[in-house]
Amino acid sequence: MTVRYIASSQLPTPWGTFRMHGFEDEVSGKEHIVLTLGEFDDEKPVLARIHSECLTGDALFSMRCDCGFQLQEALKRISEEGRGALLYLRQEGRGIGLLNKIKAYHLQDGGADTVEANEQLGFEADMRDYSMCITMLKHLGIKQVRLMTNNPRKVDALKKFGVPVVEREPLQVGKNRHNEEYLATKAGKLGHMMTEHHFKE
C-alpha cells in the first residue's frame with residue numbers, strides 16, 4: 001500500500017489540542033489521519049489507538065455499536081497521559097463502506113448478527129487492512145505502542161508489520177441495551193477480548 005503524508009495542523013477538541021496529520025492512499029484515494037499529543041522523540045512505548053471510521057457511531061451518536069464511545073474514551077486517555085496517537089482509518093463498516101453498512105443494518109433489523117449480515121451481502125466478516133499504519137507510525141517516529149483495543153487482529157497486524165505492541169489495554173465502554181448482541185458477536189465470532197469487569201458503562 002502506498003500512503004503518503006500530506007499536511008499537519010492543530011485540532012482543538014474537548015480533551016485538548018491535538019496535532020492532526022493527514023495521509024493519502026495513492027491507490028484507493030482514501031484519506032486517513034492521525035491525531036497526536038506530545039512528542040515521540042524517545043524509545044518509550046506510545047499509547048495508541050487504531051480506530052476505523054464509523055460515521056454512525058462517531059458522528060451520529062449511534063448506540064448500535066461501541067465505536068463512538070471508544071473514540072472518545074481513547075482521546076480522553078491520551079489527553080490524561082499527555083502523550084499518544086489515534087490513527088483514524090477510513091474503513092467504514094469493517095471495510096464494506098457506508099451504504100453497504102446500512103444494508104447490513106437492515107438485515108440486522110430482521111434478526112441477523114453483524115457477521116451474518118456481512119456474509120449475506122457477500123462480504124467477509126471483517127475486510128479491514130492495517131498495512132497503512134506502518135507508514136503513518138514511521139512518519140511520526142513511533143517505534144512501539146501500548147495499543148488500546150479489544151481486537152487481537154489489530155495487535156497481530158502491527159506485529160506482522162514490525163511494530164512492537166508491548167501492551168494491550170482493554171477499551172470496553174458504551175455497553176447498552178442496543179448493542180449487547182453486537183458486542184456478544186464481536187466476542188463470540190470475531191475473537192474480541194471482552195470481560196465484564198473491564199466494562200465502563
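**Figure 1. Both faces of strand β5 are covered.** Buried here means under 20% relative accessible area, exposed means over 50%, and partly exposed lies in between (1.4 Å probe, protein chains only). In a regular strand the side chains alternate between the two faces of the sheet. Strand β5 covers residues 84–89, and six of its six residues are buried. Helices (H or I, at least four residues) and strands (E, at least two) are DSSP runs, numbered from the N terminus. The model is predicted: local features need pLDDT of at least 70 and side-chain atom pairs count only at pLDDT 80 or more, while totals for chains, interfaces and linings use all residues. Residues are numbered from 1 along each chain as its sequence is written, and side-chain values use heavy atoms, with hydrogens and water left out.

**Figure 2. Strand β5 pairs with β3 and with β4.** Two strands pair if DSSP finds at least two bridges between them. Strand β3 (residues 31–37) runs antiparallel to β5 and is joined to it by five bridges; in this pairing Leu35 stands opposite Leu86. Strand β4 (residues 46–52) runs parallel to β5, also with five bridges, and here Ser52 stands opposite Leu89.

**Figure 3. Seven strands make up an open, mixed sheet.** The strand order is β1-β2-β3-β5-β4-β6-β7. At the edges stand β1 (3–13) and β7 (165–169); each has a single partner strand, so one side of each is left without a neighbour in the sheet. Neighbouring strands are turned by 25° against each other on average, direction ignored. Axes for such angles are lines fitted to C-alpha atoms, for helices over the stretch in contact, and angles run from 0 to 180 degrees between N-to-C directions.

**Figure 4. Phe61 and Arg94 have positive phi values.** Phe61, not a glycine, has a phi of about 65°. Phe61 sits in the loop between α1 (55–59) and α2 (67–81) and is exposed, at a relative accessible area of 65%. For Arg94, also not a glycine, phi is near 55°. Arg94 belongs to helix α3 (residues 92–95) and is buried, at 12% relative accessibility.

**Figure 5. The disulfide count is zero.** A disulfide is a pair of cysteine sulfur atoms within 2.5 Å. For Cys67 the nearest cysteine sulfur is that of Cys65, 3.6 Å away, and Cys67 is in no disulfide. Cys67 is buried, with 14% relative accessibility. Cys133 is likewise in no disulfide, and its nearest cysteine sulfur is that of Cys67, 16 Å away. Cys133 is buried at 0% relative accessibility.

**Figure 6. The protein chain has eight helices and seven strands.** Its radius of gyration is 17 Å, close to the 17 Å that the globule rule gives for 201 residues, so the chain is as compact as a globular protein of that length. The radius is taken over C-alpha atoms, and the rule is 2.2 Å times the number of residues to the power 0.38. The C-alpha trace spans about 50 × 40 × 30 Å along its principal axes. Of the 201 residues, 48% count as buried.
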